[in-house]
Amino acid sequence: MSDNHYPVISDPWIVSVRGSKNSVDKRKPYAWLVEKERTVEGKIEDTAIIFLTNSECPFHCLMCDLWKNTTDVPSAAGAIPDQIAWALEQLPEARHLKLYNSGSFFDERAIPESDYKRIASIINHFETVIVESHPRLINEKCLRLRDMIKPDLQVAMGLETIHPEILPLLNKKMTQADFRESVRYLKEHDILSRAFVLLKPPFLSESEGIYWAQRSIDFAFDCEVECCTIIPVRPGNGAMDMLQEQGFFTPPDIHSLETVLEYGIGMNKGRVFADVWDLDLFSGCSKCLDERTNRLIQMNLKQEIVEKVECTCNIRL
Ligand code: SF4
Ligand SMILES: [Zn+2]
């Protein structure tokens with residue numbers, strides 16, 4: 001970990017260095033797509049993902065850029081079910097649904113509980129519904145949603161990292177114990193959990209980034225999450241760019257993502273996925289980027305280690 005002086009990481013600093021938000025329509029999600037994902041049962045099936053437009057997350061994590069597509073005001077009653085219904089009309093059929101909302105599904109400002117009933121009526125034909133939440137917002141509200149919907153509910157939560165000095169610096173206002181307790185609570189009520197694990201948060205070297213992502217996956221499975229998704233940390237939210245300029249952050253290398261995914265899959269404790277969006281940000285080699293991206297996608301789908309990509313860029317490792 002770098003021990004030079006870095007900015008005081010706080011809500012005011014993180015917010016002060018951000019750029020402006022994108023212009024969003026409160027009645028429409030800001031993105032929607034269908035992608036293949038390997039299910040808990042080992043089948044490869046279509047999953048619809050709707051990125052809901054709603055009120056900004058009350059947390060201001062150092063590495064987060066999800067605020068870009070949020071509003072400054074609470075979501076109006078009925079807006080979220082309208083968005084879901086609209087997106088499903090645009091998308092081909094799928095068996096599973098992710099409702100990602102740039103924050104926490106259980107945040108009342110983002111998704112009013114009075115909307116749950118209508119949301120349930122719109123999504124009841126899915127087999128699985130995955131929502132995301134900050135671990136500290138896991139409570140009886142999750143159970144009320146679970147009881148209202150027919151699909152199995154899964155909850156994705158950011159563990160981020162278990163590095164003892166970095167986790168507090170991420171300004172997530174969460175401890176490892178909070179994460180463990182939330183997974184325990186969900187499991188006690190038959191709800192599966194998925195952990196988001198960061199690859200190479202700021203202040204870490206490449207090898208430390210790999211090491212702590214692996215330890216964080218160990219911890220997540222020890223808490224009995226069912227699935228881990230590895231997220232390479234990227235610049236672009238203001239704070240990360242500032243830290244990059246000051247030498248406290250460089251984006252991880254795509255080779256490191258492969259290494260951590262291989263490790264996670266090799267554990268055989270549950271599904272482990274690599275986030276494969278914008279992988280060009282993490283590759284210094286245009287020769288093998290497509291092949292390497294495809295390798296990661298294949299490993300995500302098969303949950304087995306696929307033959308390595310041969311390229312001259314392997315030599316610098
Ligand atoms: S809790 Fe999640 S959405 Fe909210 S700021 Fe942190 S990373 Fe972003
Ligand atoms: Zn290469």
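# Notebook: zinc site, ligand shell and a few residues

I began with Gly158, which I found in strand β5. Helices (H or I, at least four residues) and strands (E, at least two) are DSSP runs, numbered from the N terminus. The model is predicted, so local features need pLDDT of at least 70 and side-chain atom pairs count only at pLDDT 80 or more, while totals for chains, interfaces and linings use all residues. Residues are numbered from 1 along each chain as its sequence is written, chains are lettered from A and ligands numbered from 1 in the order in which they are written, and side-chain values use heavy atoms, with hydrogens and water left out.

**Entry 1. Strand β5**

Is Gly158 buried or exposed? I read 6% relative accessibility, so Gly158 counts as buried. Buried means under 20% relative accessible area, exposed over 50%, and partly exposed in between (1.4 Å probe, protein chains only). I then listed its contacts (heavy atoms within 4.5 Å). Leaving out residues up to four places away in sequence, Gly158 touches Ser133, Pro135, Lys172, Met174, Phe179 and Phe196. I also checked Thr229, which is 71 residues from Gly158 along the chain. Their C-alpha atoms are separated by 9.4 Å.

Glu160 is in β5 too, a strand of residues 152-160. Its phi is positive, about 70°, although Glu160 is not a glycine. Glu160 is buried, at 7% relative accessibility.

**Entry 2. Another positive phi**

I looked up Glu224 next. Its phi is near 80°, again a positive value in a residue other than glycine. Glu224 sits in the loop between α7 (206-222) and β7 (227-232). With a relative accessible area of 47%, Glu224 is partly exposed.

**Entry 3. The zinc ion**

Which residues hold the protein donors of the zinc ion (ligand 2)? I found Cys285, Cys288, Cys311 and Cys313, each through SG, lying 2.3 Å from the ion. Donors are N, O and S atoms within 2.8 Å of the metal (3.2 Å for Na, K and Ca); water is not among the atoms, so sites may look incomplete. The 4 donor atoms subtend angles of 97 to 118°, which makes the arrangement tetrahedral. Four donors count as tetrahedral if all angles lie between 85 and 135 degrees. The ideal angle for four tetrahedral donors is 109.5 degrees.

The spacing of the donor residues in sequence is C-x2-C-x22-C-x1-C. Cys288 lies in the loop between β8 (271-274) and α10 (289-302), and Cys313 in the segment after α10, so the pair ties together parts 25 residues apart in sequence. Cys288 is buried, at 2%. Cys313 is buried as well, at 6%.

I followed α10 to Arg292, which lies in that helix. Arg292 is buried, at 3% relative accessibility. Leaving aside neighbours within four places in sequence, its contacts are Ile254, His255, Glu258, Val309, Cys311, Cys313 and Asn314. Cys311 and Cys313 are zinc donors.

**Entry 4. Ligand 1**

I listed the residues around ligand 1 (one heavy atom within 4 Å). They are Cys57, Phe59, Cys61, Cys64, Leu66, Ser102, Gly103, His134 and Lys172. Lys172 is also a contact of Gly158.

**Entry 5. Helix α2**

Helix α2 (residues 79-90) has 12 residues. Which of its residues are buried? I found Ala79, Ile80, Pro81, Gln83, Ile84, Ala87 and Leu88. The buried residues of α2 pack against β1 (31-38), β2 (44-51), β3 (96-100) and α3 (116-123).

Notes:
Four donors count as tetrahedral if all angles lie between 85 and 135 degrees; four count as square planar and six as octahedral if opposite donors are over 155 degrees apart and all others between 65 and 115; anything else is irregular. The expected span of a helix is 1.5 Å times one less than its number of residues.
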